[in-house]
Structures are given as structure tokens and as C-alpha cells.
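Trainee: Could you walk me through this model with me asking and you answering? I would like to see how each answer is reached.

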Amino acid sequence: LFDGVYPFYPQQRKAAVFDISTIIVIVVFLVLACSFLLIIPGIRGRARCHWTLRVLLSLFVGVVIVVVQFTGDWETGWVQANTSYKSFSHVRVNADIGLHIGLGGVNVTLRGNPVHQINETINYNEHFPWSFGADYERSYSEGLQKGLPSPILYVAEKFSRQSPCAVHRQYRIAGHYASAMLWVAFCTWIISNILFSMPVLVYGGYMLLVTGAFMIFSMLSFSTVRNSPMCLIQIGTRTLHVAYGGSFWLMLAIGLLCFVLGITIVAMHHLNLDLLKTFFDLREDKAEEYQEMPEVFVNPYVVNKGL
């Protein structure tokens, strides 16, 4: 030990709470939402409520499409077990081991129960990326060199390329295609907002349907990893099982919401177009364009002179 800390680490490792990319995306969309809230008082009448609902709902859909690409809880699993802590050591600790699988990699969490055991703080959260451009094997090798706890290395080894489980390639390709479809959904979301700002509301509804379709396609792409048999992750006497996490179910909810909104807009276009234009604040402008002048004032001097 060097000042009570293992020499591999200059300071004690702490578990990460949020991903930096996720925070940046959320902050950007919050700035857009706050900027719109500042101009709400300038919108008069019932249109203020309509604008607020449309803008905030649209921003929520957009931030979800982008944020879930950086989250690590498409699949999650937790188990509490009494397991060995370090290699070549008989010391055992009681800890909670968590597995969080995202589109770009896997996070393995080790949290002591209690956190302070064997004169050490047991609270780790290690990320092992497998996205294109990242080297999973190198991250795993760096974990070995740093001397990470045995449960983290054991779980991470299950997703390596040399593992007999052979799930590394499936997760990597499924995450890549799911991410690509989400970026397409983000593009169609932008196009739908552009169409809604123009008097072509029905096409905006169609683009919302396309957005929801690509979101569902991304979920189907990620769920293909379920077709491959998953090796048992045995930690002590307990088995770590994974299930779909919050990001997966959030994507399902937002995708279905886009379908419902798109179908509603298309149906209102054919059944009640005036109500749809009123909600999008287009009916009043159209009425003013064709409104006739109720009263005309004529200068008699000009009329007589012309005659």
C-alpha cells in the first residue's frame, strides 16, 4: 500500500453516476426548452397552450432518441453474492454485482454490502466498450493490469471475443444497427418538425409514423441477441440474470407514442381538418388571408375627379 491506496491507483476508484455524453445531451435540450419557455408570454390566447404542448412533447421525443444511445441500461441485472474479492486471495466479501448492457458497451458494477469492508471501500463501476472504433480486448487487458476485483473481471470476460459464450459479436453488431436506426429516427424527427411548421401537416404525421417505425426497428435489432444462448454468469452460489432495462422500455413507450400521434394527425386531416389547423395555429392565418373587408371608405373628391 502507498498511503493506504493500492499502487495501481493514484486515488480511490469511485462509481460513476451519469455518463458525460448523457449529461451534455440533456443540458442542450433543457436549454432549448428553457429558451422556449421565455417566449411563451408573447403568445396570446389558446395558442399558448397548444404551442407549449407541441414544443415540449417534441423536445422530449428528441432528447429520448439521442440519450438512449449513450445510456447503459438496455439490459440490466443485479445479484447479491458472497464472492472472492481479489485473485490469489481467500478473502471473501458480500457485495452486489450489477451488469448494465448498452448499445456501445457493458458496465459492470461492484458495490460492497456494506460498502466498507476489509479496510477498503468497495464501490466500482467499470466500462468496457465494444462499439466500432473501440477495443474491448484492450479495455479488458487494462483491467487485468490495474488489478480490478475478480467479480468485475469474471463478468467482463463473458463478453470478450475469446469467451466460449460467443456473444461479443452479436451484441456489437446489434448495438451498431440499433444506434444507426436511432440516428435515422432522429433525422425523421427533425423533418417532421419542419413539416409541422409548414401548412403540410399530414406529411408531418407521416414522418412521425416513420420516426416511430425506426425506433421500433432499433429495438428489434437489439433484441436479436436473445436468439443466441447466454452463458450462465455464476457468482458464488448465485446466478446473475439480465432482463430488458429502462432504456429499452422507454424506447418502446416513445415509439408507440409517435405511432399514436402520427395516426391521430393523419386521421384528423381527413376527418376534421379545421380542428387540426386550429391546434397547429394555422387556421387563423388562413382566415385572415381570405377575409373580405367588412366596410369600404371612398373619397368623393377622388371619385368625382376620376369621372
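Trainee: What is the handedness of the link of C165 and C231?

Mentor: This is a predicted model, in which local features need pLDDT of at least 70 and side-chain atom pairs count only at pLDDT 80 or more, while totals for chains, interfaces and linings use all residues. Residues are numbered from 1 along each chain as its sequence is written, and side-chain values use heavy atoms, leaving out hydrogens and water. C165 and C231 are joined by a disulfide, S to S 2.3 Å, where a disulfide is a pair of cysteine sulfur atoms within 2.5 Å. The angle about the S-S bond is -135 degrees, and the link of C165 and C231 is left-handed.

Trainee: How many residues apart are C165 and C231?

Mentor: Helices (H or I, at least four residues) and strands (E, at least two) are DSSP runs, numbered from the N terminus. C165 sits in the loop between helix 4 (150–157) and helix 5 (168–196), and C231 in the loop between helix 6 (201–223) and strand 5 (233–235).

Trainee: Is C165 buried or exposed?

Mentor: Buried means under 20% relative accessible area, exposed over 50%, and partly exposed in between (1.4 Å probe, protein chains only). C165 has 8% relative accessibility, so C165 is buried.

Trainee: Which residue of strand 3 is the bridge partner of H100?

Mentor: Two strands pair if DSSP finds at least two bridges between them. Strand 2 and strand 3 run antiparallel and are joined by seven bridges, forming a hairpin with three residues between them. In strand 3, H100 has as its bridge partner N107.

Trainee: Why is strand 2 described as largely enclosed by the rest of the structure?

Mentor: Strand 2 also pairs with strand 1 (residues 75–84), antiparallel and over ten bridges; T83 stands opposite V93 of strand 2 there. Strand 2 (residues 92–101) is largely enclosed because, of its ten residues, the number buried is eight.

Trainee: What is the relative accessible area of V108?

Mentor: V108 belongs to strand 3 (residues 105–117). Leaving aside residues up to four places away in sequence, V108 touches G98, L99, Y124, N125, E126, F128, I152, V155 and A156, contact meaning heavy atoms within 4.5 Å. V108 is buried, and its relative accessible area is 1%.
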